[in-house]
Amino acid sequence: MRPNRTLSLLRTQQPAIGAWLQLHSPHAARLLAAQGLLDWLLVDFEHTPVDLSTAALILSMVSDVSSGRVTPLARVPVGSIDRIKHALDAGAQGIIVPMVTNADEVRAAVRYARFPPKGIRGAGGLAPHLGFGISRPEYLQRANDEILVGIQIETREALEHLDAILDVEGVDLVFVGPNDLHMALGYPPRFWSAEPRFVEAIERIRTACARRRLPLGTLCKDVTNARERMRAGFTFIGLGSDAHYMLQFAGLQVGELKGLPEPESWCDLVKFDEVR
């Protein structure tokens, strides 16, 4: 069976670098997957609505066009058994569940993503085994070991119930959502900072994950930030998105040409000349 490359990297404590697919463009996803530089690409079902047929096309295509080198993942709302099953049946090789607040939500996500006897996913769906390069019967037998289940820690409730959440069997990845975690702690949204409550929360999460040998991930705005997180022990790194790549490159190039001072991120810049 073609292994889940990202899961294999995480299990051997190697970095897995990927990107969010915010544009939901099959063309952009195909170009990124075919390039082969990223370990995973993620379709976001939560913040950037996408029709299900487009999501299915992207998820199955990413694995196929990269011959399994790039892992297609899906970010699905907490408690959404229909979105989890749709993403996995469409060809996703893993899910990440944001905004969890307690262990019961995490247990449900794991159960929805696994075939019996470990879960209740069900044997429907003809597409997944094609992305894994395997016959359907064998896929059904072995998929539980190759489907990544990640959870995002980014709420006050998750911090309060951290130990119970991380003790849930079947969790493969713990992802820190830095912007939402800052806001949950009473700070403006940031990718990273030295704010005391944020630093304390990160250390708590790092220590708890290290004790359980759980891989730790987060989102970074640039390669400098990514290297800092990797030195701190993070192995699952989201380095921007397809929209970020486009806007950031355009901002850098045109900004240099027009002599514009570089903001913290060109993705956040909106600039129009005044009409004279």
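1. A word to start with: a residue counts as exposed when its relative accessible area is over 50%, and as buried when that value is under 20%. Please keep in mind as you read that this is a predicted model.

2. Let's begin with helix H2, residues 26–35. On one side of H2, His27, Leu31 and Gln35 are exposed. Across from them, the buried residues of H2 are Ala28, Ala29, Leu32 and Ala33. Looking down the axis of H2, these buried residues fall within an arc of 125°, so they line one face of the helix.

3. Now turn to helix H11, residues 196–212. With 17 residues at 1.5 Å a residue, H11 should span 24 Å, and its end C-alpha atoms are 25 Å apart, which agrees.

4. Phe198, Ala201, Ile202, Ile205, Ala208 and Cys209 are buried in H11. They fall within an arc of 135° when H11 is seen down its axis, so they line one face of the helix. Pro196, Glu200, Ala210 and Arg211 are exposed on the other side of H11.

5. Which elements do the buried residues of H11 pack against? Their partners are strands E5 (148–153), E6 (173–176) and E7 (216–220), together with helices H8 (156–160), H9 (162–166) and H10 (178–184). After H11 comes Arg213, whose phi is positive, near 55°.

Methods
Residues are numbered from 1 along each chain as its sequence is written. This is a predicted model: local features need pLDDT of at least 70, side-chain atom pairs count only at pLDDT 80 or more; totals for chains, interfaces and linings use all residues. Side-chain values use heavy atoms; hydrogens and water are left out. Buried means under 20% relative accessible area, exposed over 50%, partly exposed in between (1.4 Å probe, protein chains only). Helices (H or I, at least four residues) and strands (E, at least two) are DSSP runs, numbered from the N terminus. The arc is that of the directions from the helix axis to the C-beta atoms. The expected span of a helix is 1.5 Å times one less than its number of residues. Contact means heavy atoms within 4.5 Å.
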